[in-house]
Amino acid sequence: DGRAYSQARLLKERFRFSGEIRARGEVLRDQLRAMHRCGIDAFELTDEVAAERLARDWSAIVGEFRHVYQPAVRGPEPIFQLRHRRVAA
């Protein structure tokens with residue numbers, strides 16, 4: 001479920017938490033980008049092989065998609081805002 005994503009985003013945006021938010025356990029590759037965008041700063045993976053692979057591929061994972069749909073703590077501006085700005089201009 002997405003509660004950790006929401007909690008991280010609330011901590012960073014609403015409560016202006018500036019400390020580290022760390023995800024621990026089995027974190028899958030396809031979850032990393034969303035976690036990072038929601039405000040999670042660090043990852044502590046239980047599988048060392050997966051951790052090494054993800055660390056090596058980190059920049060590719062974060063930059064994998066050019067457009068996003070949801071607003072987030074970090075990352076690109078959502079596509080609907082880009083389209084709205086283009087129409088208004």
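## Exercises on helix packing and burial

The axes of helix 2 (residues 29–38) and helix 3 (residues 48–62) cross at roughly 60 degrees and come within 10 Å. The model is predicted: local features need pLDDT of at least 70, side-chain atom pairs count only at pLDDT 80 or more, and totals for chains, interfaces and linings use all residues. Residues are numbered from 1 along each chain as its sequence is written, and side-chain values use heavy atoms, with hydrogens and water left out.

**Exercise 1.** Describe how helix 2 packs on helix 3.

*Solution.* 
- Step 1: recall the approach. Two packed helices are described by the angle between their axes and the distance between the axes.
- Step 2: know the terms. Helices (H or I, at least four residues) and strands (E, at least two) are DSSP runs, numbered from the N terminus. Axes are lines fitted to C-alpha atoms, for helices over the stretch in contact, and angles run from 0 to 180 degrees between N-to-C directions.
- Step 3: classify the angle. Under 35 degrees is roughly parallel, over 145 roughly antiparallel, 65 to 115 roughly perpendicular, and the rest oblique. The axes of helix 2 and helix 3 cross at roughly 60 degrees. That makes helix 2 oblique to helix 3.
- Step 4: list the contact residues (contact means heavy atoms within 4.5 Å). Helix 2 supplies Arg-29, Leu-32, Arg-33 and His-36, and helix 3 supplies Leu-54, Trp-58, Ile-61 and Val-62.
- Step 5: sort them by class. Ala, Val, Leu, Ile, Met, Phe, Trp, Tyr, Cys and Pro count as nonpolar, Asp, Glu, Lys and Arg as charged, and the others, Gly among them, as polar. The contact of helix 2 with helix 3 has five nonpolar, one polar and two charged residues.

**Exercise 2.** Is Lys-12 buried or exposed, and which side chain does Lys-12 join in a polar contact?

*Solution.* 
- Step 1: locate Lys-12. Its place is in helix 1 (residues 3–13).
- Step 2: apply the cut-offs. Buried means under 20% relative accessible area, exposed over 50%, and partly exposed in between (1.4 Å probe, protein chains only). Lys-12 is buried, because its relative accessible area is 16%.
- Step 3: name the partner. A polar contact of 2.9 Å joins the side chains of Lys-12 and Asp-41. (A polar contact is a pair of N or O atoms within 3.5 Å; within protein, one must be able to donate a hydrogen and the other to accept it, and residues adjacent in sequence count only if both atoms are side-chain atoms.)
- Step 4: Beyond neighbours within four places in sequence, Lys-12 contacts Phe-17, Ser-18, Gly-19, Ile-21, Gly-39, Asp-41 and Val-73.

**Exercise 3.** Where is Arg-16, and is Arg-16 buried or exposed?

*Solution.* 
- Step 1: Arg-16 sits in the loop between helix 1 and strand 1 (22–25).
- Step 2: Arg-16 is exposed, because its relative accessible area is 68%.
- Step 3: phi of Arg-16 is near 50 degrees, a positive value in a residue other than glycine.
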